[in-house]
Amino acid sequence: MRLLVEFIISILSSIGFGVITNIPKRALLPAGITGGVSWCAYWLISLQDHSLVLPNFTATVIIGLLGNYFAIRHRVPVNTIYIPSLVSLVPGGIAYLGARSFTMGKAASAAQQIYNVILIAMALAVGFVVAEVIFKAIRPFLIRLIAKLPEVQTKSQK
Amino acid sequence: MSQPDTEEILEVCGKVGEILLNAGAETSRIETTVEYIGHAAGARVACYATITAVFVSLENESRTRLIKSSLGGFNLQKVDELNQLSREFVAHKITFSDLEREVARIERQVINFPWWARILGAGWVSVAPMLLFKATNGDLAWAFFVGIFGYLGAEFVGRRTTTPYFKEATGAFVVAILAELLMNIGWGDSAGNIIISALMPLVPGVAITNAIREILSRQIISGIVRTVDAVFVAGAIGSGVVIAIVLTQVLGGR
């Protein structure tokens, strides 16, 4: 039940960010699904493992794989799926907290928060690299698979 | 079909690079797209892109086009349209004059979602999954509306001033002032949670992650520029919030 709520809210978040950053209409739903699935993975893993690295890493590996898949299927640049689906994972909130602690002169918590920002950003970026390596290996197989699937809309209406 | 001369090719390639740069595409994508188009049009084009400039040059001549730009926002729809256009052109589905006309159209066109969609979008981004079941449901509901006002404030100011970082600071200020107001009325449970949640449309999280991705793919200059920019955006947001909090404390007489 709780998983469902998390899933829906994260889908809405991703679609919302997609609208703000103007991604093509046909990429909205794929981006939302990618964001939702990766957030659920993050949430499930963070129940078991309380560190910052593993949940973020796993979530971006999933974004990388799903994002590349949807990018081929719907013929959109892969960044249009990455950016919206990342919105719930990226360390923006902590970056703000770090900047705030910094302005208010709380050196210790500022250092901790900025350290966390770098750690999360690294985990996310390494997750993408790993996903892209995996994806290159399975790409020919996927393209054959996609050719068998029913056609989807690959062009926005003018 | 008459063969386009190198002058025209350079012109179109430069324009493509300029649009992509202003729409926030990655530098490697700009370089490959421009070079593909150039090669398909029959000229040996070399392109070098950094985050603030694109150079397009013909390899066997001395002519070069230099396009400057400042760090801008994202308009991924333009990236996508140009991407499709270049793919069609490389596959020889459209002619060079078609390409020229379409590029000019994309450059002029303001591609945006309607306002109501963007307002709703900003609202939903403001309900951060990160805070689900940590903040109270009431706070998250407030964050939905506060986030909308923060986004609108930032957009409103962003259209009227070109001062960098002022847009983000204003958005953060609006968010924090509204959150503190809700606290003082007694409707909100935690101003801190509302603020963090409602700041989601403004914070530079994506910029930070993109920066590290660029560095990992050896686009070191772009990566560093993006990182520094993200740090300053975070600083602007932090100061916007701090100013709002201090102001409410002074006015509230606490």
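So, transmembrane regions: UniProt, in an unreviewed entry, puts them at residues 28–45, 52–70, 82–102 and 114–135 of chain A. Those positions follow the numbering used here, the feature names are shortened, and such annotations may be inferred rather than shown by experiment. Keep in mind this is a predicted model: local features need pLDDT of at least 70, side-chain atom pairs count only at pLDDT 80 or more, and totals for chains, interfaces and linings use all residues. Residues are numbered from 1 along each chain as its sequence is written, with chains lettered from A and ligands numbered from 1 in the order in which they are written.

Take residues 28–45 of chain A: 100% helix, 0% strand, with end C-alpha atoms 26 Å apart. Helices here are DSSP runs of H or I, at least four residues, and strands are runs of E, at least two, numbered from the N terminus. Residues 52–70 of chain A come out 95% helix and 0% strand, with 27 Å between the end C-alpha atoms.

Now, the two chains together. 43 residues of chain A are in contact with 45 of chain B, contact being C-beta atoms, placed from the backbone, within 7 Å. On chain A's side, H1(A) gives the most, 11 residues.

And what does H1(A) meet in H5(B)? Among the residues on the H1(A) side are A:Leu12, A:Gly16 and A:Phe17, and H5(B) brings residues including B:Arg118, B:Gly121 and B:Trp124. The axes, lines fitted to C-alpha atoms over the stretch in contact, with angles from 0 to 180 degrees between N-to-C directions, come within 7 Å and cross at roughly 135 degrees.

How values were computed:
Two residues are in contact if their C-beta atoms, placed from the backbone, lie within 7 Å.
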